[in-house]
Amino acid sequence: MSRASQVTLASTLAGAIGIVIFVHYSQRAEKAAMHAGVIRDYEQQRLKRERQADFEMQRALEEEYRKVQTVSDGGGPAAQQ
């Protein structure tokens, strides 16, 4: 084999191996990013459920307090202006 054909073969092989390695790395990075997105979505859903539960608890407490106490809309002198 001539020197030029050896250089061409070596560079082609190196390029092909480089492309395969890059594609595998890219796929792993994309999979990790997608998994992180799923984890982030679960966390957001958990926070939303916690906030909704807190809101419902506050609503129930407010109803209990309204049964026991009379509540006004701040009917002081500033509210009547």
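Colleague: Helices here are DSSP runs of H or I, at least four residues, numbered from the N terminus. On that basis, how many helices and strands are in the chain?

Modeller: This is a predicted model. The chain has one helix and zero strands. Its radius of gyration is 33 Å, well over the 12 Å that the globule rule gives for 81 residues, so the chain is more spread out than a compact globule.

Colleague: What box do the C-alpha atoms fill?

Modeller: Roughly 100 × 30 × 5 Å, taken along the principal axes.

Colleague: And what share of the residues is buried?

Modeller: Buried residues are 1% of the 81 in the chain. The accessible surface is about 7800 Å², and carbon and sulfur atoms account for 60% of that.

Colleague: Switching to salt bridges. How far apart are E56 and R59 at the closest N and O atoms?

Modeller: The closest N and O atoms are 4.0 Å apart, and the pair forms a salt bridge. E56 and R59 are three residues apart in helix α1, so about one helical turn separates them.

Colleague: How many salt bridges does the count come to?

Modeller: Five. One of them joins E43 to R46, with the closest N and O atoms 2.3 Å apart. E43 and R46 are also three residues apart in helix α1, and so about one helical turn apart. E43 is partly exposed at 35% relative accessibility, as is R46 at 31%.

Colleague: Which residues are linked in a network?

Modeller: E43, R46 and E50, through salt bridges.

Colleague: What about K67, which residue does it form a salt bridge with?

Modeller: E64, with the closest N and O atoms 3.9 Å apart. Both lie in helix α1, three residues apart, about one turn. K67 is exposed at 66% relative accessible area, while E64 is partly exposed at 44%.

Colleague: Other topic. Which residues does the "transmembrane region" annotation cover?

Modeller: The UniProt record, an unreviewed entry, gives residues 6-25. In the model that span is 100% helix and 0% strand, and its end C-alpha atoms lie 28 Å apart.

Colleague: Which residues make the nonpolar surface patch?

Modeller: M1, L9, L13, I17 and I21, over about 550 Å².

Colleague: Where does M1 lie?

Modeller: In the segment before α1, the helix at 3-68. M1 counts as exposed because its relative accessibility is 73%, and the cut-off for exposed is over 50%.

Conventions:
Residues numbered from 1 in each chain as written. Predicted model: local features only at pLDDT ≥ 70, side-chain atom pairs only at ≥ 80, totals over all residues. Heavy atoms only, no water. UniProt positions renumbered as here; feature names shortened; annotations may be inferred. Helix = DSSP H or I, 4+ residues; strand = E, 2+ residues; numbered from the N terminus. Patch = residues over 30% accessible without salt bridge, like charges linked within 9 Å, V, L, I, M, F, W, Y side chains within 5 Å. Areas by Shrake-Rupley, 256 points an atom, 1.4 Å probe, with all protein chains shown as cover. Salt bridge = Lys/Arg side-chain N within 4 Å of Asp/Glu carboxyl O. Buried < 20%, exposed > 50% of the residue type's maximum accessible area, 1.4 Å probe, protein only. Rg over C-alpha atoms; globule rule 2.2 N^0.38 Å.
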